[in-house]
Structure formats: structure tokens, C-alpha cells
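Please study the sequence and the structure shown here, and then work through the exercises. Each task is followed by a solution in steps.

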Amino acid sequence: MTQIHVSTKINGDAVEFLCEPNETLLDVLRDRLDLTGAKEGCGTGDCGACSVTVDGRLVCSCLMLGAEAEGREVTTIEGMADGEVLHPLQQKFLEHAALQCGICTPGILVAAKALLERNPDPTETETRYWLAGNLCRCTGYDKVIRAVMDAAAQMRGA
Amino acid sequence: MVRVAIWGSLRAATGGRAEVEVEAANLRELLDRLAEAYPGIQPQIDRGVSVVIDGLVYNDSWFTPVRPDSEVVLLPRIVGG
Amino acid sequence: MALDDKHEAEGRVFKIVGTRPIRPDGIDKVTGRARFGADMSAPGMLVGLILRSPHAHARIRSINIAKAEALPGVKAVVTRADFGNVSDDDLRDILHNVMAHDKALYDGHAVAAVAATSTSAARQALKLIEVDYEVLPHVIDVDEAMQPDAPVLHEGRSDETVPAGMSANIMHRFEYGHGDVEAGLAAADEVIERSFKTAATHQGYIEPHACLASMGPDGQADLWCCTQGHYMVRNTCAGILGMEVSQLKVTASEIGGGFGGKTTVFLEPVALALARKSGRPVKMVMSREEVFRASGPTSSTSIDVKIGMKRDGTITAGWAELRYQGGAFPGSPVQFGAMSCFAAYDLANVQAIGWDVVANRPKQIAYRAPGAPMGAYAVESVVDELCGKLGLDRLEVRLKNASRDGTKAAYGPRFGRIGLTAVLEAAKAHPHYTAPLGPNQGRGVACGFWFNFGGDTCVSLNVNPDGTVGVSEGNPDIGGSRAAMTMMAAEELGIPYERVRTTIADTSALGQNDVTDGSRVTFAVGLATIKAARAAITIMCARAAKIWGIDADAVVWEDGHAKPAGPNAGKFPPMSLAEIAAVATNTGGPIAGHHEVNAEGAGVSFAAHLVDAEVDPETGAVKILRYTVFQDAGKAVHPAYVEGQFQGGAVQGIGWALNEEYIYGADGRLQNPGFLDYRIPVASDLPMIDTVIIEVANPGHPYGVRGVGETSIVPPLAAVANAVSAAAGVRLTELPMSPPKVLHAIDAARG
């Protein structure tokens, strides 16, 4: 299969890569660009572990082709912290012990960030429904929800 | 002599007795003497047993002391998940 | 020790243990830097894929790999023929599960594997492998598999406990009990007998199995994999491949969930065989579909329970027969189900019988307290029904019959110090227990129990020249245990938490370590860490003594410092750990403490769960309104991670009770091998999960720690079933209680 040349932006950096027509964006991130933060939990868009944002929109990268990244801006978990400074969501997840094994954590953080960019003051119910597409098997979601709402409060300056 | 409690389905090997007595000073001797006296127990010992001595569970610790007044209970080998 | 002995830690004021510091591996996990099983690569790496049987039961007449081998890009193809003979029964079953022998025993059973330079070449190669199957009749259901005329998986493997003339699919019969059950039932005012069924479920870890294997021409091999026990992986793979254990070095990646499902091997021996045959590193990652079809789900079960109770709530007799299918090979956890189901009760008359049965399904493996949740579901449901019938308070009845310190457990031994009554009293006193309920709402209560144990453990604690400390242990961290080890080491040494770093060492660095299971890590590795720290302290005191020219016996360790004591007290200023470390080279060499032990003395952990549920009578849908977990942790080293275990186990139990099940077609194939149709709880399904940590110290651990990871999944099936039964007005006896089932039960009761 002839490979496709793609020019895109990832976490603010200009990036070029070659990929097969049927390769997903997730495959490209992990296997070609060494950005292994996004995880494959299911490959069918059911678990959210592969969550990234594309032009500001929350997307399952396993449901998007690598070639579709042409000319777009992709942000992943690797772009969430600002150098050494953690994003408030990352900090609150640590403080609240909102992760155990941590495999779902990148996806949940990316999804939570997308939520707070749209709705800086979500209720518990809104937060739960927004994150319903991110499966976690370890925590039962309790501390995750608390961490997100606490980060939201901090970001509002409340 | 140490009294050892035998669970129900293992009693076929001890002539139906729920409790047997063996001479043993440690866990290894206990299992060896049991197998000698009741050869029908050997297959289960090979499959694995946990031995509870005075309320604590032991797996494979041969030299765990066993006293004549110890309460010893044989259980299938316990694994977790 | 006597039951009223004071615990060695009683009265001790802990500085670090019991607080909530940030876990040491946390930053890597919130930034995406942490490396899990599929996150590793190697130069020249090949992609490995497995060809799986599409039949539930079939004889494999032949496998032709020639065309696959000839495909450009394919570097190796393996089948059972590439593995030698294995004499050990357990190892042989594992081998025949990871690579079929003469029969495919379940839909998804591995029959061949390829390694190629790209995923597309590997997929092409799988299509070119020609397998000649003779399809055989199959059996899926446990009760059907026990019928004398059921299709047989293995001839002649029933052991000596199985009566002659029974189906050859029955591998083992287990029974325990004491007293006279018939007499006990006759003395009861009320006897209830019920039958229950539970479907197979999966641990549902979000990370599929993954590994990267490489082997040199000299037979030295390296393996990177996600596992709960890399020493187990090393020993098992070496055994299967005919290698010496020291030739294989296994490094555990971060693990994305295990819950018992990663306490065995699936891909690893195959990846090593492919690496050996191709001479190149081979990476293998399961797809989600493969995880469901071909890793280790739980047993599905069929259970009968009979319990007698007096009007005053005394349980006069308990009887249960449990039938578990363990998939295609023997070894279902029916014994643990049988042993644990009555454990919360002090019974004069009890009997439990368990049957281990095989069926054409993937071989089961542990799922958090293996076998226990199903048995507890059945027994706790009947206790609940008896309480309802006699108009008795559910917690009062449990308190009345509760196992206490010194009680002879239903399954045999006498309990040491246990926390069941403390847990029940806490539940009774909690506002949740008396909160008002609305229409179509019901409250459920259940207790649970799990054994916990110790096992082989090695810890090496090294003092660095700058006074920081490294702890090396051999147990993959599945719940935050590195934080707990760091805390215990820092507590013993008297230095700040931030000065200690705990790492999981690869198999070349330490001796044997048992798998991370059995809720053993905080207990056993913690115990070894504390002893390793104390050993290092002894050495540091000796160094200070040398410097001061006094007897080593005359030095004590306090607040992270060596201090002269006894006749020399006050003569010399204390030396900090850092100061002693700085002159280690001058005083004898590097300072370390280590401890290797087969840890014994694990305490059992009891729990009680309270749950409120609402049933929609038109759709049968269940909503969990409120959930509180009460569990005995002995001593909560890091309370946030103890709470996390309580909450995670409870939610897995909720999923098991309400939605999760393996659904098979008439053809014996799994119909729902994906997260869309295998429905685990999502954030919008649940309320907050409240937790109450009870601490009844375990005499066998220096700080009183009890393992907590598993007990939390034991009560929820029953607690939720009791709540739903109360809300719906009808007893549900089959799990999961999915909406169609609940609706059917409501409609049937309405008549």
C-alpha cells in the first residue's frame, strides 16, 4: 500500500508523517510519532482511552484516520502540561487520588479539559454525562468526578 | 500428637473421620505423616493445600512449628486475584 | 498470640502512615509518560498476531502454514508443534490454553501465530494459514455440561473426588461442613430454599494484554509485559519453553488494570516462541475482542442454597451446592466460593458442596476474590429473604449470628482477631441505614469476606550517598502500592516521604516474588519493607557506634537519627541518616537492608455494603441511588488508596449485578466481545460511593495492615440484588439483573 504524506500540527508543533490509508490517528500517534499517551483500550470508540482533541473538538483517535489529520491541529495528553507546570486538572487528579492504574487517565484528562473549556461550571451530573464515554475500571469514578469539579472551581478562581 | 481437621470431601481418604491425629513437629512432617497414614490424601496434597495453624494460613512453609495443642485445619490451596 | 494481646503498633503515633501524600508514580501517569504494556518498542521489531478458532469445539486435523511462511514480510509462524512436551500438569494446561493441542476448545482458542514486518502482512499471513477442523458438538452451560450425555472436552481427567458414572466434564468435587444440617433445618421456624444463576463476567481492565519479547541466538531472552506477576511470567514461560529461569529476564511495565486477570500468561510464551524462531523482537497486543474471547473471564455458576432461621433470628443451619464451570480446563474457584459463602456466620450446622466443571469457554482466571462474589450472592439473598419473611432487621440478624474473634469458621479454622462486628455496627449506626426511601426504591444489605494471604516476597532497601533511599520490590503496582511502601519505609526510617523512592525491579534484581494478588502487597511487601528498613537501621546504628567508639547496643534510632543511649546518652550529637550515608564508604561501605520471606499471618478482611436502588417498573431499568462501603482495613496506610479499593470493587460488583454478562449464541460463539455490548458501569450510571474504613489491627503485620483489594467485590452482587428485589417487590435469582430480566420478573409476579 502506498503511504500518504500528512502535514499537521500536534501540541502546537508542526509535524509531518507517512501513514497507510487505513491507519488510524491513534496508530500514527503511538507507532509513528512515539506519542504513547493515548491508549488503545478497544479500537471501536467505546472506551475513550484514545481521546484527543482535533481543532478543539473531543475525538476518539481510534475512529479517525491518520490521513484526516492533514491541515488540522491535534492536542494530546502530552501537550496538557505547560513544561514543568501541570494543568490544574492533572494536579487535582494527583491530590484526589483520582487514578489507580492510570491507563484511562490520559483520555479522561483530555475529555475533562474539553468539558471545562465549554462549561467552566459543570454540575456533578453534567460532569458524569460528559465523561460517560471514558471507561474506568479501577476507581468507580468517585474521585475522578471530585477531582474534575475541584479543578473547575480552582480554574474559575472560586 | 497433633489433631488435624479434614474437610468433608477429603474424609473418603481417612475412613470418614473429620479429625485425625499425626505425630509432627512442623508443617512438612505433618503433611508427610498424613500422606503416609492416609495415601488417599496424596493427590490433594499434590494439587495443593493451605494449612491453617492456630488461625493463620500457611502455604509451603515447611518448618512452621506445630505443637500438640495447635489447632490445625487443612484447606484447599487458596489463591487470590 | 492470645486474642486480647495488644497489637505491637497500638499506641504508636504514626507520622506518615495514615496520611495522603501524592503517589510517586503519579506525575508520569497524568502526563502520559508512564509506559504500559503496549508502549514499548525495539529496533527491528516484528508484529505478532494469533489465529483463533472460530469453533467452540473442534478437533484440529491439520494445520498447513506453508503459504503463510512464504508471504513476503513473514519471519516466523508457530503452532503447538513449536513447543516441546511439558511434564507438569498445570504448565501443560497453560500451554494448551495459549496454543491449542489437538482440539480447539472454545471460540477464540489460539491455534497458530505469525510474526511479520507489518500489521498488514501479519493479518494477510493469518488468512493464508489452512486449518482443517472437524467441528464437534459443544456445551456452554454449567448444568448442561454436568449431564451424563454432554459433549466431553477431556476424557479421563475427573479426579478421585468425583463419583463414578458422572459426566467426564466434572473435574473435582469439594465438600466441607460440620454439625447436622438436617437437624438444624428441622429446628428452624422458617426454611428457605432457592436456586441462583450468575453469568460469566470479565475483569474488564482497560489495557489489553501486551508484550514485547526478544531472544538472542544464545537463548538469553528479554520480555516486557503488563502483568500482575513478572516472576510468575518468567517461571511459567521458562517452563513452557524449556529454558532455565535465569535465561529469561522479565520487566513489568506499568499495568492498566489486572484484578486477577493478569495473574497468568496468554501472549507471552507465544511471543517468545516467535522471537526465538524469527531471531527478532516480537510485539504482541491483544485486541479488545481477543481479550473477551481468549483471556480469562470468571466462571458462570448455578447455586442452590437452603437456610433455616428461628423466629428470633438465629440461623440454625446453612447448606449450599455450588456448580461452577471454569472454561476449557480444570480449576474453577468453586472451592473458594464454597468456603467463603457462609464465613460471616457462626454456624453449628453447615455444609457446602462444590463442583468444578469444564465447558467450551475460555479458561477462567481469578477476578478479585475468585469464586466468592457468586456464593455470597446466593447466601446473602436467602438470608435477606428470611429476614423479610420473619420481619427482622437485616443488620441485627447478621450481628446476632456474626463470626467473631475465636469463632470456628464455617469452613474450618478458628478466626483470630477479625473486624466483622465492628463493620456491622458501623453500618447500623450510619445515617444511610435509616434514610427514607421513596416509591419503587429498595435498600439492600450484604456482608462479604475474603481470605488474603502472604507469599514469597523480597525487598531491598538501599541508602544512597546523599541520604535518599531507594526501595526495590518485585510486585507490580496495581492500586497505588508504591505509595504505601514509600510511606512505610519513610515512617520506619524517620525521614520525609519525598526522600524515598520505590521501584518495581525486574526479575534479575531480586529473588522470587509471588504475584500481586490475594490482597497481599500492602501486607506482605509492606512487612518486608518495614523489616528491610529495620535491618538498614541496625547497620546505621552500628556505623554511628563505630564513629563514637561505643557499643552498637548503646545506640537507638529516633526521628531519622542515630542517638547514643544508655550510659552514653547525650555524649554525642545525634547523626542523621544523611550524615551517616555521607560517610558510608569510610565506615564499611554502602548501606542497605533487605528482607526475603514467605510471608505468613495475613488477616482476613470483612465488609458490609449498603445500597439503595430504584427500579423503573415500566422498563426494568435499575438506578443506584446511594452506596456505602464498610470494610475492615486493619490499618489504612494511605487512606485515599484504601477508599479507592473499596469504591472500585463496589462498582465492579454493581456492573456484575446489573449489566455484565457473556452472551453466547447457539453456535457456542461469544456474541458480545466489545465494550458496547459488554456493558460496564460508566460515570453517568453511578452516584458517589461513600466509604467507611474500619481498623481492627491484624496481629500478623507490624502496623496491623489487612489486605483490602478483594473483599470489596464480594458483597455488591447480593447487596444490589437485595435492593432491587426490595424495590421491584420480587426476588431476582439470576444475574445480571438487566432491564429485560427485571421486567420479566415483575410481570411474572403480577401474574
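The following exercises concern a predicted model.

**Exercise 1.** Determine how helix α2 (residues 88-95) of chain A and helix α5 (residues 142-156) of chain A are arranged.

*Solution.*
Step 1. Two packed helices are described by the angle between their axes and the distance between the axes.
Step 2. Here the axes come within 8 Å and cross at roughly 135°.
Step 3. Because of this angle, α2(A) is oblique to α5(A); an angle over 145 degrees would count as roughly antiparallel.
Step 4. The crossing of α2(A) and α5(A) is right-handed.

**Exercise 2.** Which residues of α2(A) and α5(A) meet?

*Solution.*
Step 1. On the side of α2(A), the residues are Pro88(A), Leu89(A), Lys92(A) and Phe93(A).
Step 2. From α5(A) come Ala147(A), Val148(A), Asp150(A), Ala151(A), Gln154(A) and Met155(A).
Step 3. Sorted by class, this contact comprises seven nonpolar, one polar and two charged residues.

**Exercise 3.** Describe the side of chain C that touches chain B.

*Solution.*
Step 1. In this contact, 37 residues of chain C face 21 residues of chain B.
Step 2. Two elements of chain C, β7 (170-178) and α10 (334-341), each supply at least two residues.
Step 3. β7(C) gives the most, with five residues.
Step 4. The classes on this side of chain C are 14 nonpolar, 13 polar and 10 charged residues.

**Exercise 4.** Which chains share the most contacts?

*Solution.*
Step 1. No contact joins chain A and chain B; their closest C-alpha atoms are 14 Å apart.
Step 2. Of the two pairs of chains in contact, chains A and C share the most contacts.

Note on methods:
Residues numbered from 1 in each chain as written. Chains lettered and ligands numbered in written order. Predicted model: local features only at pLDDT ≥ 70, side-chain atom pairs only at ≥ 80, totals over all residues. Axes fitted to C-alpha atoms, helices over the stretch in contact; angles between N-to-C directions. Helix = DSSP H or I, 4+ residues; strand = E, 2+ residues; numbered from the N terminus. Parallel < 35°, antiparallel > 145°, perpendicular 65-115°, else oblique. Left-handed = near helix turned anticlockwise from the far one by under 90°. Contact = placed C-beta atoms within 7 Å. Nonpolar A, V, L, I, M, F, W, Y, C, P; charged D, E, K, R; others polar.
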